[in-house]
Amino acid sequence: MCRFRCSSAARAQVTVPKEIRDRLGIESGTKLEFRIEGDGTLRIHKLERGSAGLFGLPHEPQRKPASVAEMNDSVAQSLAADDNRIRGGAKSKARQK
């Protein structure tokens, strides 16, 4: 087991030590997941790209499973929000010209 120490900076930001970044291939933009275990242990996992990195991610034992209708509604809301964002961005660019 390796141990590393670091301090939190302003706004509670922490710099991951270089040796850890190098070993795990962490670079700018890499997504990390923080988990607090029952005994207070903090675990940090590098999230992988692609479907393999999604395995087990949505599992939250205390959360009630969503129905297919709820999932469809959620997807529709996300798509509508993206559509509004995209169309709004196009309108604001046209106004600037």
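This is a predicted model: local features need pLDDT of at least 70, side-chain atom pairs count only at pLDDT 80 or more; totals for chains, interfaces and linings use all residues.
Strands β1 and β2 (42-46) are the elements that give two or more residues to the nonpolar patch; L42, for instance, sits in strand β2. A salt bridge places a side-chain nitrogen of Lys or Arg within 4 Å of a carboxyl oxygen of Asp or Glu, and accessible areas come from the Shrake-Rupley method with a 1.4 Å probe.

Strand β1 (residues 32-36) also holds E33. E33 is buried, at a relative accessible area of 17%, where buried means under 20% (1.4 Å probe, protein chains only). Its side chain makes a polar contact with the side chain of R35 at 2.8 Å; such a contact is a pair of N or O atoms within 3.5 Å, and within protein one must be able to donate a hydrogen and the other to accept it.

Turning to the whole protein chain, 2 helices and 2 strands are present, in the order α-β-β-α along the sequence; helices (H or I, at least four residues) and strands (E, at least two) are DSSP runs. Buried residues make up 4% of the 97 residues. The chain exposes about 9200 Å², of which carbon and sulfur atoms supply 53%.

Residues are numbered from 1 along each chain as its sequence is written. Local features need pLDDT of at least 70, side-chain atom pairs count only at pLDDT 80 or more, and totals for chains, interfaces and linings use all residues, while side-chain values use heavy atoms, leaving out hydrogens and water.

Terms used:
Buried means under 20% relative accessible area, exposed over 50%, partly exposed in between (1.4 Å probe, protein chains only).
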